[in-house]
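Colleague: I've got the model open and would like to talk through how it is packed. Can you take my questions one at a time?

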Amino acid sequence: MKHWDRQEIEAMAAMRRDGKALTAIAEAWGVSRMVVAGIARRNPDLFPVT
């Protein structure tokens, strides 16, 4: 399992704030949508609820 560093998580969060869907973020990072959903769930301070 990959350990995501803070910069990577913040970059994903910025994509989400810019309106990108979790699927689009996942494709950009080469992971599944569920990986990004898990990161978002564990970092609610960075990911807006939409």
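This is a predicted model: local features need pLDDT of at least 70, side-chain atom pairs count only at pLDDT 80 or more; totals for chains, interfaces and linings use all residues.

Colleague: Okay, which residues have the most contacts inside the largest nonpolar core?

Modeller: In general, nonpolar side chains of soluble globular proteins tend to be buried together. Here the largest nonpolar core is made of 13 residues. Those with the most contacts inside this core are W4, I9, M12, V36, I39, L46 and F47.

Colleague: And which element gives the largest share of this core?

Modeller: Elements giving two or more residues to the core are α1, α2 and α3. The largest share is four residues, and the element they come from is α3.

Colleague: Let's stay with that helix, then. Which residues of α3 are buried, and what covers them?

Modeller: The buried ones are V36, A37, G38, I39 and A40. As for what covers these buried residues of α3, the cover includes α1 and α2.

Colleague: Now α2. On which side or sides of the helix do its buried residues sit?

Modeller: Helix α2 runs over residues 22-29, and its buried residues are L22, I25 and A26. They span an arc of only 100° around the axis, so they are on the same side of α2. The background is that an α-helix has 3.6 residues a turn, so residues three or four places apart point the same way. The buried residues of α2 pack against α1 (6-17) and α3 (33-42), and the arc puts them on the same side of α2.

Colleague: What exposed residues are on the face turned away from that buried side, and which residue just after α2 has a positive phi?

Modeller: The face turned away from the buried side of α2 carries E27 and A28, both exposed. Just after the helix, a positive phi of about 70° is found at G30.

Colleague: How do α2 and α3 lie against each other: roughly parallel or roughly perpendicular?

Modeller: Two packed helices are described by the angle and the distance between their axes. For α2 and α3, the axes come within 8 Å and cross at roughly 110°. An angle of 65 to 115 degrees counts as roughly perpendicular. That makes α2, relative to α3, roughly perpendicular.

Colleague: Which residues make that contact, and how do they divide by type?

Modeller: From α2 there are L22, T23, I25 and A26, and from α3 there are R33, V36 and A37. By type, the residues of this contact divide into five nonpolar, one polar and one charged.

Colleague: Over to α1. Is A13 buried or exposed, and what does it touch beyond its sequence neighbours?

Modeller: A13 is in helix α1. Its relative accessibility is 1%, so A13 counts as buried. The C-alpha atom of A13 is 7.7 Å from that of A40, although the two are 27 residues apart along the chain. Leaving aside neighbours within four places in sequence, the contacts of A13 are L46 and F47.

Colleague: L46 keeps coming up. What does L46 touch?

Modeller: L46 is among the residues with the most contacts inside the largest nonpolar core. Not counting residues up to four places away in sequence, L46 touches R6, I9, E10, A13 and R17.

Colleague: What about E8: buried or exposed, and what are its contacts?

Modeller: E8 is in helix α1. Its relative accessible area is 17%, and buried means under 20%, so E8 is buried. The C-alpha atoms of E8 and W29, 21 residues apart along the chain, are separated by 9.4 Å. Not counting residues up to four places away in sequence, E8 touches K2, H3 and W29.

Colleague: Last one: is D18 buried or exposed?

Modeller: D18 lies in the loop between α1 and α2. Its C-alpha atom is 10 Å from that of P48, 30 residues away along the chain. The relative accessible area of D18 is 68%, so D18 is exposed.

Technical notes: Residues are numbered from 1 along each chain as its sequence is written. Side-chain values use heavy atoms; hydrogens and water are left out. Buried means under 20% relative accessible area, exposed over 50%, partly exposed in between (1.4 Å probe, protein chains only). The arc is that of the directions from the helix axis to the C-beta atoms. Contact means heavy atoms within 4.5 Å. A nonpolar core is a set of buried Ala, Val, Leu, Ile, Met, Phe, Trp, Tyr and Cys residues joined through side-chain atoms within 4.5 Å. Axes are lines fitted to C-alpha atoms, for helices over the stretch in contact, and angles run from 0 to 180 degrees between N-to-C directions. Angles under 35 degrees count as roughly parallel, over 145 as roughly antiparallel, 65 to 115 as roughly perpendicular and the rest as oblique. Ala, Val, Leu, Ile, Met, Phe, Trp, Tyr, Cys and Pro count as nonpolar, Asp, Glu, Lys and Arg as charged, and the others, Gly among them, as polar.
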